[in-house]
Amino acid sequence: ELVKKGGNGSIIEGFDPESAKVELSMNKANDQYILSKLNFYRHKFGPLKRLKLDRLKNEDEEINIFLNRCISKEIELFFFGINVGKKVFLGYYLDGLKTVLPKVLKEVYF
């Protein structure tokens, strides 16, 4: 479990798994590590105000796993694949996007 026993924070340093805002940039090694740990522990987020996954690589199976495994509740705002100057092939992520998009309440940004 990602939350330490006794409610003393997260076992992932610098990341709060109970936050209502999750922002991960896949060009940062620490954010890639966080994503892999979320997948490993099969963490299920509660309702999110914001989910932002940016600076994606063209094909990253960890993203699909994350979208399918960790997002179980609604999301108000969803930012996906925003990548300055680089195209991302969304077709690769369709499996995960099909799981998440019906849970978005307000807006989606690609």
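## First stop: a loop

Start by selecting Arg55, which sits in the loop between strand 2 and helix 2. This is a predicted model, so keep that in mind as you click around. Check the backbone here: phi of Arg55 is near 55°, a positive value in a residue other than glycine. Most residues other than glycine have a negative phi. Is Arg55 buried, partly exposed or exposed? Its relative accessible area is 30%, so it counts as partly exposed.

Now jump to Arg42, in the loop between helix 1 and strand 2. Here phi is near 50°, again positive in a residue that isn't glycine. Arg42 is exposed, with a relative accessible area of 53%.

## Zoom out

In which order do the elements run from the N terminus? They go β-α-β-α-β-α-β. The C-alpha trace spans about 45 × 30 × 20 Å along its principal axes. A compact globule of 110 residues would have a radius of gyration near 13 Å, and this chain agrees, because it has 13 Å. Among contacts with a separation of 6 or more, 73% are between residues 24 or more positions apart.

## Into the core

Next, select Leu51, Phe66 and Leu67. Of the 26 residues in the largest nonpolar core, these three touch the most other members. To see where that core comes from, colour the elements that give it two or more residues: strand 1 (21-25), helix 1 (29-40), strand 2 (48-54), helix 2 (61-69), strand 3 (75-82) and helix 3 (94-100). In soluble globular proteins, nonpolar side chains tend to be buried together.

Stay on Leu67 and show what surrounds it. Leaving out residues up to four places away in sequence, Leu67 touches Leu51, Leu53, Phe78, Phe80, Gly96, Leu97, Thr99 and Val100.

## Last stop: strand 4

Finish with Lys106, in strand 4 (residues 104-109). With a relative accessible area of 60%, Lys106 is exposed. Which residues does Lys106 contact, beyond its neighbours within four places in sequence? They are Ile75, Glu76 and Leu77. Now draw a distance from Lys106 to Tyr93, C-alpha to C-alpha: the two are 13 residues apart in sequence and 21 Å apart in space.

Before you close the viewer, colour by charge. You'll find 19 positive and 15 negative side chains, with the centres of the two sets 1 Å apart.

Technical notes:
Residues numbered from 1 in each chain as written. Predicted model: local features only at pLDDT ≥ 70, side-chain atom pairs only at ≥ 80, totals over all residues. Heavy atoms only, no water. Helix = DSSP H or I, 4+ residues; strand = E, 2+ residues; numbered from the N terminus. Rg over C-alpha atoms; globule rule 2.2 N^0.38 Å. Contact = heavy atoms within 4.5 Å. Lys, Arg positive; Asp, Glu negative; His and termini not counted. Charge placed at Lys NZ, Arg CZ, Asp CG, Glu CD. Core = buried A, V, L, I, M, F, W, Y, C linked by side-chain atoms within 4.5 Å. Buried < 20%, exposed > 50% of the residue type's maximum accessible area, 1.4 Å probe, protein only.
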